[in-house]
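Subject: Structure for your review

Dear colleague,

Please find below the structure that I am handing over to you. My findings follow directly after it.

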There are 2 protein chains.
Amino acid sequence: MSHAIRNSLLVLIGVLALLGGLTNPLAKAGNPLSAEESDPNRLGWMLGFPPPSEKLIMQPESDYFSFPKLRWTVCHIRELMPTTQVSRGIGDPIPLQYAIDKNIDGVSFTPLGGGKPMTWEISLSVNYTDGILIIHEDRIVYERYFGCLKETGKHVAMSMTKSMTGLLAEILVSEGQLDASARVASIVPELKNSAFGSATVRQVMDMTTALDYSEDYADPEADIWTYSAAASPLPKPEGYEGPNGYFEYLQTVKQDGVHGEAFGYRTINTDALGWIISRVTGKNIAYLLSERIWSDMGAEQDGYMTVDSKGTPFAGGGLSAGLRDLGRIGLLMLNGGEINGQRLFPEAVVENIRAGGKKSAFAKAGYKSLEGGSYRSMWWVFHNRHGGFAARGVHGQTIYVDPTAKMVVVRFASFPTAKNAKIDPTSLPAYQAVAEYLMRQ
Amino acid sequence: MSHAIRNSLLVLIGVLALLGGLTNPLAKAGNPLSAEESDPNRLGWMLGFPPPSEKLIMQPESDYFSFPKLRWTVCHIRELMPTTQVSRGIGDPIPLQYAIDKNIDGVSFTPLGGGKPMTWEISLSVNYTDGILIIHEDRIVYERYFGCLKETGKHVAMSMTKSMTGLLAEILVSEGQLDASARVASIVPELKNSAFGSATVRQVMDMTTALDYSEDYADPEADIWTYSAAASPLPKPEGYEGPNGYFEYLQTVKQDGVHGEAFGYRTINTDALGWIISRVTGKNIAYLLSERIWSDMGAEQDGYMTVDSKGTPFAGGGLSAGLRDLGRIGLLMLNGGEINGQRLFPEAVVENIRAGGKKSAFAKAGYKSLEGGSYRSMWWVFHNRHGGFAARGVHGQTIYVDPTAKMVVVRFASFPTAKNAKIDPTSLPAYQAVAEYLMRQ
């Protein structure tokens, strides 16, 4: 592989690190810097006019999505690649209400797998938190910003983007615009000869498609490299003859096994779902997300999505957004489609998601920190005693909804390793402990 | 020049077409399509999932800033390259007031250089208008959108960006933060050995620097090619050894002649001014524009700016913004720094700009449609009987301020040729006629 092509492929590793279970191959070996040590302002990334060469984070030479550069990049994706707007419209934002509770900092929990009890406040640093919001009974009870993030800033949502795409799909299903039982090929004929063609829309939404797709980064022939090259918004290297863009790539994916039997976390399902949605509605995902959600929920900031070289928004992981705006998404999910006294979509949409997917199919994927859970319409359902469900993205991104405690937690983070299995032990029990604390108030 | 390098250089021609007097070399020969015939929706650019290959506008193969593709691109720059936000903040927008006057459509004028009288309404199509706003006595009296633009959309400002940079510089001068009489080298030592080093800040602001800089597109050795390659936010082609980014390029510019004697419209002056401003304030131009103007003027949309590969905003031409937000800029200039009853900067800032630059220096540049005018702090001053002055960008962009008529006209356009000399004859007398009409009301 030529240097130029290799560089081009490396470009998207970061964004594609949202693919399940991946430990970022570019991260430093050994113990990483702490959250305080790796604070992007302290490290001086991109500061100065111009920044010193050793402080530059740029395309394509720099491994911009590796730790600790990652801690700057999560707030600055649009400065590195083309993007499209998720418009909030031009009306007045509708502010969220506050009832700050400073005692939350002292709430204690025991990390998964044992270990010493830890306070909520300590967990923020342990988890390399960039922004955290807790909403209880529709009011913000806790809100903090760290690292690169400010309240007027935006942060990568990573695979939480999938949950937005899944939500849009569920809305279309509830309206009868999209038939979840239809074969994908009947909606997107171009996918007929791919693995997706014979799958149902529901199987794509729940990621139970059987795909011949490898994400083994150590293997230079792995599919992830072809996908990365196709998805890159940068001009293709000279001599490149592979697929260009998400839609072309998806047509090349072959089937391996029987659809519907096992959950397999593959971002390309969401890209396929994005295509299905766009074909059905005549609108791209960024536009539809604005039209159906962002412009109606009282959002205070536009969001944005990365695009491929043909302008297709990255339905599987391209969203960046403000912390409180994802809080509004959490409120919509908590309150069955309502926010600010207005209904944005039917309650059945959230009921379908909360009910979860096939647990038996999910169990086959072997997620240790999510045992007993399932995946439905691109949302993770914990089936825990509070009925929690979540949008999740690598490096610690989450919108965690606890219907029993009437609580939403939104967290942006830049945890050194991509894998959420590494951050769940100091996160999931913390959410549970705060939920129980709030229920006692 | 290799194909790859050539492609890479071509990439930025469009954005750099803001350089004075340039006729877009990529535009089709012969009579172009009319405004109606070239409407981007009618031509179907980028429509469909995916768009048909002949309807794609993408990097780098496609000459995306040539007519008629230009008519789509002017609203979609961020989908083609990295950008940074010009934040409006998260407060409520402050709506502009309306007093629509439908009779404006019938206002008639005689184009410069003679010809038949033309109505205002007809001129909109003749000028390939994408958006037009007329404000009179602080109220919107006329507002129309065409082509790719909607009221919630953004459009390239092209060289009107320069006027924002110049305005920021004037504000800093008025506050004593920036000494207009200082030599550039005393502020940015890196420019000591370049042409800029011995120039004063004022000479840079008024573009009376004497630069050895050629924009002859027919000459493969012209400086514009080196500048384009340096400025491109896309990864540099393999083997590229030239300057990378605006700041590196500026250091290579040599002097030719005596500073202060002649006006020479060179975008690199504005990039140098951007560097000066950033060095003085510790903030990049996009951030400062947000902090000083955008977040305080009741803006309804964020703006954004293109960046080079090191994240430097393109101070000379990178802004995209909403039509009414540029109307707010016009109001600030009309009302001496006040908007919504709030003062954003001292009245002296506007007084300095309105007074104009050296007419004798300006005359040497030979602008036929701007005879008797001058250039001050990156604003064009007409010295006409109404005291008009303007921000201007190629392909028809303008914020035209008429202090006598208390009128602001903002126009976004995608006129087939870059040169404003081609669109001025059906624009400047139209503004004057509408001003006179409004003064009679």
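This is a predicted model: local features need pLDDT of at least 70, side-chain atom pairs count only at pLDDT 80 or more; totals for chains, interfaces and linings use all residues.

Leu234(B) counts as buried, because 23 C-beta neighbours lie inside 10 Å of it and the cut-off for a buried residue is 20 or more. Leu234(B) is placed in the loop between α9 (223–231) and α10 (246–250) of chain B. Along the chain, Leu234(B) and Gln59(B) are 175 residues apart, yet their C-alpha atoms are separated by 9.4 Å.

Ala210(B) lies in the loop between α8 (201–205) and β8 (211–212) of chain B. Neighbours within four places in sequence left aside, Ala210(B) is in contact with Ala195(B) and with Gln255(B), Asp256(B), Gly257(B), Val258(B) and His259(B). From C-alpha to C-alpha, Ala210(B) is 8.6 Å from Phe196(B), and the two are 14 residues apart in sequence.

I turn next to helix packing. Two packed helices are described by the angle between their axes and the distance between the axes.

In chain B, helix α6 (residues 160–174) packs with helix α11 (residues 267–281) at an angle of about 40 degrees, and their axes are 10 Å apart. That angle makes α6(B) oblique to α11(B). The crossing in which α6(B) passes α11(B) is left-handed. On the side of α6(B), the residues Lys162(B), Thr165(B), Leu168(B), Ala169(B) and Leu172(B) take part; they meet Thr270(B), Leu273(B), Gly274(B), Ile277(B) and Val280(B) in α11(B). Sorted by class, the residues of this contact of α6(B) with α11(B) are six nonpolar, three polar and one charged.

In chain A, helix α6 (residues 160–174) packs with helix α12 (residues 285–294). The angle there is about 65 degrees, with the axes 11 Å apart, and α6(A) is therefore roughly perpendicular to α12(A). The crossing of α6(A) and α12(A) is left-handed. Met164(A), Thr165(A), Leu168(A) and Ile171(A) of α6(A) make the contact with Ile285(A), Leu288(A), Leu289(A) and Arg292(A) of α12(A). Six nonpolar residues, one polar and one charged make up the contact of α6(A) with α12(A).

Finally, how do the two chains meet? In all, 39 residues of chain A are in contact with 38 residues of chain B. On the side of chain A that touches chain B, α1 (3–11), β1 (83–86) and α11 (267–281) of chain A each supply at least two residues. The largest share of that side, three residues, comes from α11(A). The residues of the side of chain A that touches chain B comprise 18 nonpolar, 13 polar and eight charged.

With kind regards

Note on methods. Residues are numbered from 1 along each chain as its sequence is written. Chains are lettered from A and ligands numbered from 1 in the order in which they are written. Two residues are in contact if their C-beta atoms, placed from the backbone, lie within 7 Å. Helices (H or I, at least four residues) and strands (E, at least two) are DSSP runs, numbered from the N terminus. Ala, Val, Leu, Ile, Met, Phe, Trp, Tyr, Cys and Pro count as nonpolar, Asp, Glu, Lys and Arg as charged, and the others, Gly among them, as polar. Axes are lines fitted to C-alpha atoms, for helices over the stretch in contact, and angles run from 0 to 180 degrees between N-to-C directions. Angles under 35 degrees count as roughly parallel, over 145 as roughly antiparallel, 65 to 115 as roughly perpendicular and the rest as oblique. A crossing is left-handed if the near helix is turned anticlockwise from the far one by less than a right angle, and right-handed if clockwise. A residue is buried if 20 or more other C-beta atoms lie within 10 Å of its own, exposed if 12 or fewer, and partly exposed in between; C-beta atoms are placed from the backbone.
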